[in-house]
Amino acid sequence: MKKDVVIIGAGPAGIFTAIEMIKKGTSKSIVIVEKGQPVEKRHCPKDKTHKCVSCKPYCHITTGFSGAGAFSDGKLSLCYEVGGDLPSLIGENKAQETIDYTDKIYLEFGADTHIEGINNSKEVKEIRMRAIQAGLKLVDCPIRHMGTEKAQSIYFAIEQFLLEKGVEIIFGYECHDIILKDGVCKGVHLRNNKGETMTIEAEHTVIATGRRGADWLEKICAEYDIAHQPGTVDIGVRVEVRNEIIEKVNEVLYESKLIGYPQPFKNKVRTFCQNPGGFVSQENYDNDLAVVNGHSYKDIKSNNTNLAILVSHNFSYPFNQPIEYAKLVGEMTNMLGAGHILVQRFGDILDGKRTWEKELSQSNVRPTLPDAVAGDITAAMPYRAMMNIINFIKAVDHVVPGFASTETLLYSPELKFYSNRVKMDEHFNTNVKGLHCLGDSSGWTRGLMMASVMGVLMGRELV
């Protein structure tokens, strides 16, 4: 097959590359390759089984058209300060202008017009004051919440739009190699889970494989001398509290983005992906690694709020395998939970003991992930990360009284793989002609909106 542009990955970055090319009136032929399923075929059987059944060949939550983020909480951060380091590559003003532009596209396809986290300036000032007193920084970012279930209909509309405009989408195939001739990328080699292969030749190859494809892209960069450097990998936990504890923050900000550098190590620790009235969820990676995440629906609400607390790990020479390091932490945690997500009460961590199922059943905070296994996450979590998490939770307790209570639940492992930072110019050109890398797998973005923004800008370059 020969095309002008081949896009690997149908997450936000890849999708919005194609959308923007169409909106700008391109005459180029476009093909998107996605190893998962179309939106309408992405269904997690856990709704009926009430436990993870480890879908094969891929987890429906993390893989398929629209990517993983859309099927977790569907939140669009509308401020350039949130979502990764893309502004440092393209400039803050351009990043914010493109966020505003991209947001209008989401509205065209049915996103909720309501924006969370605006107004209430007096209440925000009070929260910021308490954060400062605790040694934390509050980033109050407007949020457009699509919702896990509503995001699916929005991305289905986008999927149909692309198909109607002549974009070819190949499902069930993944890229296992790129075609490199005389230092120029000429396309990709594909295969499906049956071993069938396909080759696509293209003038431009866009790799937008998301967090799930970060380790694969890292290997490709190493094999073909694509300029890159090991970046950050995030290791942490998902915290769950009763809505009453964090009610004011939920009402005023919807999502509180707090950043701190707790003693004694002073690593960057941050909150991420807050889900008011949400549900803790499990995701499975290709190697059967089970990781924890959170869902937030528009119409279905629980009694709890969950959010991630992530510790950023930046490794220096000679170590250059941050993703493998994080995976080993996750695998050890999975081992302790017999393949399940582990959950532990914060008070038990401070007391140096594991949590038992009976203790969970007697608590005010009931887990929204029913098949999580009570245990001891500290037996697998590295000491440095665990101390950062404990001290950060204590600091957040000053902002949200009761956050560090005995019954607060911590789920593990919460891992974010975007450690491979591909070196590119502001036009997203790598040192290999014809090859471009976008989204979370590129190491430049974190989250739906900024990945979408990167796609929009890539689309403008390729028109």
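The lining of the second largest cavity comprises 6 nonpolar, 2 polar and no charged residues, where Ala, Val, Leu, Ile, Met, Phe, Trp, Tyr, Cys and Pro count as nonpolar, Asp, Glu, Lys and Arg as charged, and the others, Gly among them, as polar. The model is a predicted one, in which local features need pLDDT of at least 70 and side-chain atom pairs count only at pLDDT 80 or more, while totals for chains, interfaces and linings use all residues. Residues are numbered from 1 along each chain as its sequence is written, and side-chain values use heavy atoms, with hydrogens and water left out.

A cavity here is a set of points, on a 1 Å grid over the protein atoms alone, where a 1.4 Å probe fits but cannot get out, and its lining residues have an atom within 4 Å of a point; grid points are joined across faces, edges and corners, and a volume is the space filled by probe spheres set on the points. The second largest cavity, of about 30 Å³, is lined by I246, S256, L258, T271, L307, V396, V400 and F403. The largest cavity holds about 120 Å³, and among its 13 lining residues C44, C52, V53, C55 and C59 lie nearest its centre.

Salt bridges, in which a side-chain nitrogen of Lys or Arg lies within 4 Å of a carboxyl oxygen of Asp or Glu, number 25 in the whole structure. The side chains of K75 and E255 form one of them, at 3.9 Å from N to O. Because K75 lies in strand 3 and E255 in the loop between helix 8 and strand 12, the pair ties together parts that are 180 residues apart in sequence. K75 is buried at 7% relative accessible area and E255 is buried at 3%, where buried means under 20%, exposed over 50% and partly exposed in between, with a 1.4 Å probe and protein chains only. R144 and D103, with their closest N and O atoms 2.7 Å apart, are both buried.

Notes: On a 1 Å grid over the protein atoms alone, a cavity is a set of points where a 1.4 Å probe fits but cannot get out, and a pocket is an open set with protein on both sides within 12 Å along at least five of seven lines; lining residues have an atom within 4 Å of a point. Helices (H or I, at least four residues) and strands (E, at least two) are DSSP runs, numbered from the N terminus.
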